[in-house]
Amino acid sequence: MTGSRSGQAIRSFWEHCFRQDEWCDHPARSNPDVVLDRALQRLIPLVFHVDGAEFYSNCEYYVWSLGSVLASGEVKERTHRLVAEVIVWSMDFAFGGVAPECGFNNEPFAGKRANRSGAQLFGGYRFAYFGRKADYKARRESHQFSRHYGCNLICEECMASRPKANPALSFKDFSANAPHLLTHLSHSDYVRTATAVTAWNQMKGFHYKTVFRDPMHTVFLGTAKEVLASCVGYWARQRYLAASMKLTIWFLAKLSMELAQGSEALAKDFNMRLIAVCLWSLQEALHILDHSDLVLAPSHAEAAHDHFMRHLQSWQHLAHACSGMVCRLFRLRPKGHYLQHIAMDIKRNRLNVRLTSACFYDESFLGYVKKIACSCHSLSMIKCQFWDRYLLLIAIRFEKSRRSVGAFPRVS
Ligand SMILES: [Zn+2]
């Protein structure tokens, strides 16, 4: 609310305003309790805002908000930092397995919380930080990464660069001896070189690589869209097919194999064979992840890595071929580089990113929440009905889970 301003600066601001017509008669100027030096240093000037917003079709609502004029554009950053600090504080006790004796701001507890202070939590279970997941925008903002997909240096994990800015470290090079592979940062390198170190660094067990890259946003909402569209575009451009069909990775991978083997003329087209390799490799890598447990067998981790890399390397060749044909297909974007990191991580730590870091369930949950909010008919109903419906949804899902697993005895 103060925008990091000192009390002296706030007082000077008010004294300046009191000399203007608008605020010369402001009661703060004549109130003896407020006009005192220290009180004026802690007087927050609020502004109110109202605007119409269409939450439901043909139905406009007025939304009121208020804020301090002293607040600066750093509010979003500070909110992320505060949320991280509260989570870190909470996780300290979840990891220790003992209830806290006072609140986040050292405030004393009362009632049930006071009685539980210092007691064992969760019947002896503990919770440990393992990682966090988010889409690329959220991970960039909540961790204040200075190198990201919007910059010339596109990656917080290494010095991969857009080719125009630094061709030697081009992120579009997926070969085994690409120069950017020599620039990977350790956690201490990251902390030492970051322009702003995330508050998550205080979390016990935090490592900057545990800010996972989500396969859903990297592949299914990222690279797969580009490569599938480009494959169909290439086939249509070469008049190999009429480009009206439902796109799925499996279908296209199978189709590409059939097309490449279908006739002598098609089999001679080297790019067609590359497309088949590109799609089939992706399909195989995803198949391995879909059918593996949390920790991949060494051979499966190796195979998934190899398939992903073959997918990217064949894509790189196709990008080069298409640029020679002056055709804007198979363009390489930063998400291709992020997929390379995912592949290398799979080989290194053998964790199944499909289970550890994918956002499928979280995004699905968000969808449920949005549906519930939209099904409420007014702001007042959102306030009351939203939580009833949300708890009902949780209860139904828990009951379904209980019945399917049979792990929890019915509580009567
Ligand atoms: Zn990188």
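Here are legends for a set of close-up views of this predicted model.

Residues are numbered from 1 along each chain as its sequence is written. Since this is a predicted model, local features need pLDDT of at least 70 and side-chain atom pairs count only at pLDDT 80 or more, while totals for chains, interfaces and linings use all residues.

View 1. Helices (H or I, at least four residues) and strands (E, at least two) are DSSP runs, numbered from the N terminus. Out of 412 residues, 24% are buried. Here a residue is buried if 20 or more other C-beta atoms lie within 10 Å of its own, exposed if 12 or fewer, and partly exposed in between, with C-beta atoms placed from the backbone. Take the contacts with a separation of 6 or more: 58% of them join residues 24 or more positions apart. Two residues count as in contact if their C-beta atoms, again placed from the backbone, lie within 7 Å.

**View 2. The largest nonpolar core, with 40 residues.** A nonpolar core is a set of buried Ala, Val, Leu, Ile, Met, Phe, Trp, Tyr and Cys residues joined through C-beta atoms within 7 Å. Ile275, Cys278 and Ala304 are the ones that touch the most other members. Two or more residues each come from α9 (215-237), α12 (270-290), α13 (298-324) and α14 (334-349). The top contributor is α12, with 13 residues. Zoom in on Ala304 and you'll find it touching Ala285, Ile288, Leu289, Leu296 and Ile346, leaving aside residues up to four places away in sequence. Another core, of six residues, lies apart from the largest one, and its members include Ile154, Ala160, Leu169 and Phe171.

**View 3. Helix α13 packed with α14, axes 8 Å apart.** The two pack at an angle of about 160°. Axes are lines fitted to C-alpha atoms, for helices over the stretch in contact, and angles run from 0 to 180 degrees between N-to-C directions. That makes α13 and α14 roughly antiparallel to each other; angles under 35 degrees count as roughly parallel, over 145 as roughly antiparallel, 65 to 115 as roughly perpendicular and the rest as oblique. Their crossing is left-handed, meaning that the near helix is turned anticlockwise from the far one by less than a right angle (clockwise would be right-handed). On the α13 side, look for Ala301, Glu302, Ala304, His305, Phe308, Met309, Leu312 and Trp315; they meet Gly336, Leu339, Gln340, Ala343, Met344, Ile346 and Lys347 in α14. Sorted by class, the contact of α13 with α14 has ten nonpolar, three polar and two charged residues. For that sorting, Ala, Val, Leu, Ile, Met, Phe, Trp, Tyr, Cys and Pro count as nonpolar, Asp, Glu, Lys and Arg as charged, and the others, Gly among them, as polar.

**View 4. Helix α14 again, this time with α9.** The axes of α9 and α14 come within 10 Å and cross at roughly 140°, so the pair is oblique. The crossing of α9 and α14 is left-handed. Pro215, Thr218, Val219, Gly222 and Thr223 in α9 meet Lys335, Gly336, Tyr338, Leu339 and Ile342 in α14. The residues of this contact split into five nonpolar, four polar and one charged.

**View 5. Valine 211 in strand β4 (residues 211-212).** Val211 is buried, with 22 other C-beta atoms within 10 Å. Gly131 is 80 residues away in sequence, yet its C-alpha sits 5.9 Å from that of Val211. Val211 touches Arg132, Arg139 and His143, not counting residues up to four places away in sequence.

**View 6. Arginine 140 in helix α7 (residues 136-143).** Arg140 is partly exposed, with 19 other C-beta atoms within 10 Å. Its C-alpha is separated by 9.8 Å from that of Val211, 71 residues apart along the chain. Arg140 touches Phe145 and His148, again not counting residues up to four places away in sequence.

View 7. Most residues other than glycine have a negative phi. Asn106 is exposed, with 7 other C-beta atoms within 10 Å. Phe122 is exposed, with 10 other C-beta atoms within 10 Å.
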